[in-house]
Amino acid sequence: MMRSRVVSSLIVDRIRAKLELKPVEIIHEFKDYYGIDISYYHAWFGKELAKLNVHGDESKSFNELVWYADAVKETNPGSLCTLECEAGINRFRRFFVSFGGCIAGFQYCIPLLFIDATFLKSKYKGQLLCASGKNENQGFYALAFGVVDSETEENWTWFLQHLASILLPMGRVVTFFSDCNQGLLNAMGFVFPGWPHSYCYYHLKQNLISKHPKSGYGKLLQDRVINLFSRCAYAVTEEEFTVAMEELVIVGSSKVKTFISNLSRDHYANAYFKGMRYGEMANSLAESFNNWVGVFRDLPVLPLIEGIRQKLMVLNSQRRIEADKWTTILCPEMETRLWENAEAGRTWVVRCSSFIVFEVFADYSVMIDLEQRTCSCCLWQIDSFPCTHAVAAILAKKDSVYDYVECYYGIDFFRKAYESPIFPIPDIGKGVGSNSFAAGVVLPPITKRPAGRPPTKRIKAFGEFKRPLKCSRCSVTGHNRKTCKAVM
């Protein structure tokens, strides 16, 4: 008697509260609460029916985007929301949204923008494009996202053009981070010519690994190649870069040499990068956003977008409340970093050359120019944050170190970034007086179902590996503390 529809009626509230509920968990809950054994099929299909009941039909969800675009503009003033369909047949192509609260707050964030795409797992597939900034406390700040039918140069150009309509009126140059997707690179050069664009160091390293053998003696060479490439990327002077690059060309294989020759050093090397990266080298914040919204990726398009909005609304509210309790001048992460730098240089000797120029004697001597905010180690220029040498010189001069810290790290800017909230979008009147029917039915995109069971996990790149499990009790890999059987 315990069929899928009965299971669905009993777990519908659980699905509404916990989207990632697994069929195995449903089986255990029915055994614990009702003392009934149900099959995996009934648990799985019951979950699918409950999702259909909660989130609605996937094909009809595209038509509701017409109402949603109007609702976003009405409830969240200053938002940019666009729905585009194929002309003539009214079939969905792409959807872009950036909420007014996010747009208003981004001008107070660090001028960095991390661009990435992740695949969707729903019936009609597609790609979720995202643009995430970085707040003063080193967390991600979601500026905009969109849903497109596929990741193509045309769709990237369309997405970036909408971003340009947000960024250009702010009057400041933003540094972009992305992987080396050729379609995205072409679109970036077309929409933002001349703007700083950094390639993700992590993706470059993975691409480099695939160009070199990794078994036997080749594993040692591969490690050396990666080490040399890291030296090239993190080199702070052109001389350091040249020395590391010459050695890399000698050690690397022909594929490595070809890869390096086709890679513009202006987009990854600290010594040649034109722009400010604020110490960032990878596209990690975009990956953080993708992981943060991962629970919504198998939902229909409207619940996907609305789920992200609700989660953003709560996150921004929590950060606003949290910031009101802070009593320091800088955000906690940067305050800790600043005083760690001060402690590290506490025993160093500082000599004064002029009112603004100092020489600091650590393991080696460096020159600090407080007016130009430069240090011979170049870390102040690269990170846009006082290095240990700079902090030692500032304290020796008896100045306030806070006067030499970028405004993007202060609490005042953090509070302004989250000052404008994201407002709720009630759907109690959805369909009543809406223009969705007048505009015609928005059809779902055409998708071809591939053979086999649909994948739900990302295919790892060549050379990418999962960090081995390590026991915190005996420090041996292969198991965790709970299953540890070692005699202590």
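## Helix packing, cores and local backbone features

Leu338, Asn341, Ala342 and Ala344 in H15 meet Thr388, Val391 and Leu395 in H17, where contact means heavy atoms within 4.5 Å. Of the residues in the contact of H15 with H17, five are nonpolar, two polar and none charged. Here Ala, Val, Leu, Ile, Met, Phe, Trp, Tyr, Cys and Pro count as nonpolar, Asp, Glu, Lys and Arg as charged, and the others, Gly among them, as polar.

This is a predicted model, in which local features need pLDDT of at least 70 and side-chain atom pairs count only at pLDDT 80 or more, while totals for chains, interfaces and linings use all residues. Residues are numbered from 1 along each chain as its sequence is written, and side-chain values use heavy atoms, with hydrogens and water left out.

The protein chain has 18 helices and eleven strands. Helices (H or I, at least four residues) and strands (E, at least two) are DSSP runs, numbered from the N terminus. The C-alpha atoms fill a box of roughly 85 × 60 × 50 Å along the principal axes. Of the 488 residues in the protein chain, 48% are buried; buried means under 20% relative accessible area, exposed over 50%, and partly exposed in between (1.4 Å probe, protein chains only). Among contacts with a separation of 6 or more, 65% join residues 24 or more positions apart. The accessible surface of the protein chain is about 25200 Å², with 54% of it belonging to carbon and sulfur atoms; areas come from the Shrake-Rupley method with a 1.4 Å probe, and for residues only the protein chains shown count as cover.

| Helix pair | Angle | Axes |
|---|---|---|
| H15 (residues 332-344) and H17 (residues 388-397) | roughly 75° | within 8 Å |
| H9 (residues 201-209) and H12 (residues 254-261) | about 150° | 10 Å apart |

Axes are lines fitted to C-alpha atoms, for helices over the stretch in contact, and angles run from 0 to 180 degrees between N-to-C directions. H9 is roughly antiparallel to H12, whereas H15 is roughly perpendicular to H17. Angles under 35 degrees count as roughly parallel, over 145 as roughly antiparallel, 65 to 115 as roughly perpendicular and the rest as oblique. In the H9 and H12 pair, Leu204, Asn207 and Leu208 of H9 touch Val256, Phe259 and Ile260 of H12. That contact divides into five nonpolar residues, one polar and no charged.

The largest nonpolar core has 105 residues, and Leu113, Leu163 and Phe192 touch the most other members. A nonpolar core is a set of buried Ala, Val, Leu, Ile, Met, Phe, Trp, Tyr and Cys residues joined through side-chain atoms within 4.5 Å. Beyond four places in sequence, Leu163 is in contact with Phe96, Leu113, Ile115, Ala131, Leu143, Ala144 and Phe192. Apart from this core lies another, of 27 residues, including Leu208, Ile209, Leu228 and Phe259.

Gly101 is found in helix H6 (residues 100-106) and is buried, with a relative accessible area of 5%. The C-alpha atoms of Gly101 and Ser79 are separated by 7.7 Å, the two residues being 22 apart along the chain.

Two loop residues other than glycine have positive phi. Asn90, with phi near 60°, lies between strand S1 (80-85) and strand S2 (92-98) and is partly exposed at 25% relative accessibility. Arg373, with phi near 55°, lies between strand S10 (365-369) and strand S11 (374-375) and is partly exposed, with a relative accessible area of 32%.
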